[in-house]
Amino acid sequence: MTKVILITGTRKGIGEALARHYLMLGNTVIGCSREEGSITHNSYRHFCLDITDESAVISMIRSLKKEFGRLDVLINNAGIASMNHFITTPLSTMEKLFRVNVLGTALMMRECAKVMMKQERGRIINFTTIATPLHLEGEAIYASAKAAIENLTQTTSKELSNYKITVNAIGPTPIQTDLIKAVPKEKIDALIEKQTLKRMGTFDDITHVVDFFVDEKSDFLTGQILYLGGVSR
Amino acid sequence: MKEHIFEIISSAVRDMGEELENETLQHVSEETKLFGNGGALDSLALVSLIADVEEKIYDTFERAIVLADERAMSQRTSPFRDVGSLCNYVEKLLND
């Protein structure tokens, strides 16, 4: 059965790759980003918004509910990173990292869960990072924000379990996207050395895990954090 | 507008009453108690009712409201205590 899937941050990178993947499989995909979308497809709708803008998020969810009648999957991909020593990280950067990564994810979850509760069905997939379990130097604030997302994932998985909504998270390794374009190659190589499986991740690695969480058969699976590259806590 | 709001909330409460097999909730008046102090809803049922009312308000008035906002949570007397107080609160949000 085809699904109605909302993916945040679809203008580029992982979000765009996931949107194209689910469109190719015949699903309806709703995407959003702060700027104009990059995907043109009959089954794709794009909303220009900031995921921390409460009224814009609510309006998007209400209008997609009205148009499509349901929402099966939320993929909370949108996020920002900033690699910097803790001592030299400005407060404004800290605030922005927490606002977009944590509050943006939580707001999107809250509003989508309201739709999914009534259906008594839904899948929510959040994004964390291997920088969190690895306690990676230079990523203190980013990894802390993602740690908050992990806790949010696990706690909401309990709060939403009565409504048959599953909430899980994927923690990718670095993959070649804009998020890491400013990070020097030596840093990336050093990070890959810390993984059990020593290579960069690919879009396919991520798609495979998201497919697994989205699968109808994964209804006995919630509150799980799955890291790529053999990284574990 | 107030009548519309009452109709929307009544219909959401009646649906909840059927789901919970609760007679009181199926015969709605402004005095019908909802949450706390003898109200028929537990916190899970209240969460469902809030989601339902928000959706119905949007469908009728094309206005996106958040019922569990800071004002609602900080009020000395909860707007979720009975149908009448919830109607008044929704009206206030729509007039903002």
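Trainee: Which strands does α1(A) lie across?
Mentor: α1(A) lies across β1 (4–8), β2, β3, β4 and β5 of chain A, at about 165° to β1(A). Contact here is heavy atoms within 4.5 Å, and angles run from 0 to 180 degrees between N-to-C directions, with axes fitted to C-alpha atoms, for helices over the stretch in contact. Helices (H or I, at least four residues) and strands (E, at least two) are DSSP runs, numbered from the N terminus.

Trainee: Before I go on, how were the values made?
Mentor: This is a predicted model: local features need pLDDT of at least 70, side-chain atom pairs count only at 80 or more, and totals for chains, interfaces and linings use all residues. Residues are numbered from 1 along each chain as its sequence is written, chains are lettered from A and ligands numbered from 1 in the order written, and side-chain values use heavy atoms, leaving out hydrogens and water.

Trainee: What's the strand order in the sheet?
Mentor: β3-β2-β1-β4-β5-β6-β7 in chain A, an open sheet of seven strands with parallel pairing; pairing takes at least two DSSP bridges between two strands.

Trainee: And why is one side of β3 and of β7 left without a neighbour?
Mentor: β3 (44–48) and β7 of chain A are at the edges with a single partner strand each, so one side of each has no neighbour in the sheet.

Trainee: How many bridges join β2(A) to β3(A)?
Mentor: Five, with the two strands running parallel. A:I30 sits opposite A:R45 in β3(A).

Trainee: Switching to chain B, how do α1(B) and α3(B) pack?
Mentor: At about 145°, axes 10 Å apart.
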